Amino acid sequence: MSAYLESNYKKVTTHVLQEMKLRGEKIAMLTAYDYSLATLLDAAGIDVILVGDSASNVMAGHKTTLPITLDQMIYHASSVMRAVERALVVVDLPFGTYQGNSKAALNSAIQIMKESGANAIKIEGGREVLESVDRILSAGIPVMGHLGLTPQSIHKFGTYVVRAKEDEEANHLREDAKLLANAGCFSIVLEKIPAKLAQEVTASIKIPTIGIGAGSQVDGQVLVLHDMLGITQKFSPRFLRRYHNLSEEIKGSVKAYIHDVKTLDFPNEREQY
Ligand code: KIV
């Protein structure tokens, strides 16, 4: 294994992420939506936990991230917050709670911060959400941006293919990244864009970029926990590295339990009162 930079921050804050970028230490971020898994992620030393609206897919079984509500995001975020001692916890503003209305955006962000106790919010989009970003930041709420493939706009894109391959969209993204950084966002997620573009954007702004399908030359990486653990089975984009095949392990354990119950093997003498 090659050497890597690893510091021992007691508590990860947005300032710590900035320091990590300056020191060249990569930021590791994963999603979590519940107390039990968030406890494990935090104990393992993850830097940032994203309570992503991907909960709509992996927890609730929806095809897109659009149906999840603010109250459901707050439920997930509160569960995660009860678990976490060290990681920075960022919560997605769900679809329909900020678009086109910066006052509504601020109210949604305040509700998340007040009711869940989270540390920051994430918002998808560039110039079109800038007024909302400004308003949320002016209330003292740290904001993470999200550019490239923004799943809440799936019906505009029509597909989940790589974004910003053409010059026009790439230039638009470069400008949006600068606008978000200049507005005061503490970090930006870059999703499914060419690695070279992600590298350029990362070099052009002072705040850390976190990539997903954006190559290695960004300041950190994020994956959806259920994808990297192999709990989800159908989703297999090229960027996804599976660290486990938990779906098979879970099914195997459940099958063994069913067998033991049906054959009266469980419970045995020692497992009863
Ligand atoms: O909701 C989510 O999980 C996300 C990540 C994929 C970045 O936004």
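Predicted model: local features only at pLDDT ≥ 70, side-chain atom pairs only at ≥ 80, totals over all residues.
Q: Why would residues three or four places apart point the same way in a helix?
A: An α-helix has 3.6 residues a turn, so residues at that spacing point the same way.

Q: Switching to the ligand, which residues surround it?
A: The ligand is surrounded by Thr31, Leu50, Gly52, Asp53, Ser54, Asp92, Lys122, His146, Val189, Ile212 and Val224.

Q: How far is the polar side-chain atom of serine 54 from an oxygen atom of the ligand?
A: The distance there is 2.5 Å, between a polar side-chain atom of serine 54 and an oxygen atom of the ligand.

Q: And what about the side chains of aspartate 92 and lysine 122?
A: For aspartate 92, an N or O atom in the side chain is 3.1 Å from an oxygen atom of the ligand, while for lysine 122 the corresponding distance from a side-chain N or O atom to a ligand oxygen atom is 2.9 Å.

Q: Now the aromatics: how many aromatic pairs are there?
A: The count comes to 2 aromatic pairs. One of them joins phenylalanine 235 and phenylalanine 239, whose ring centres are 6.4 Å apart; their planes are at 70 degrees, and planes over 60 degrees apart count as edge-to-face, so this pair is edge-to-face.

Q: Where do those two fall between buried and exposed?
A: Phenylalanine 235 is partly exposed at 41% relative accessibility, and phenylalanine 239 is also partly exposed, with a relative accessible area of 24%.

Q: What lies over the face of phenylalanine 157?
A: That is arginine 163, which lies 3.9 Å from the ring centre of phenylalanine 157.

Q: Last one, serine 247: where is it found, and is it buried or exposed?
A: Serine 247 is found in helix 11, which runs over residues 246-262. Its relative accessibility is 8%, and buried means under 20%, so serine 247 counts as buried.

Q: What is serine 247 in contact with, leaving aside its neighbours within four places in sequence?
A: With those neighbours left aside, serine 247 is in contact with Gly230, Ile231 and Gln233.

Note on methods: Residues numbered from 1 in each chain as written. Heavy atoms only, no water. Phe/Tyr/Trp six-rings, centres within 6.5 Å; stacked < 30°, edge-to-face > 60°. Buried < 20%, exposed > 50% of the residue type's maximum accessible area, 1.4 Å probe, protein only. Lys NZ or Arg CZ within 6 Å of the ring centre and 35° of its normal. Near = heavy atom within 4 Å. Polar contact = N/O pair within 3.5 Å; in protein donor to acceptor, adjacent residues only side chain to side chain. Helix = DSSP H or I, 4+ residues; strand = E, 2+ residues; numbered from the N terminus. Contact = heavy atoms within 4.5 Å.
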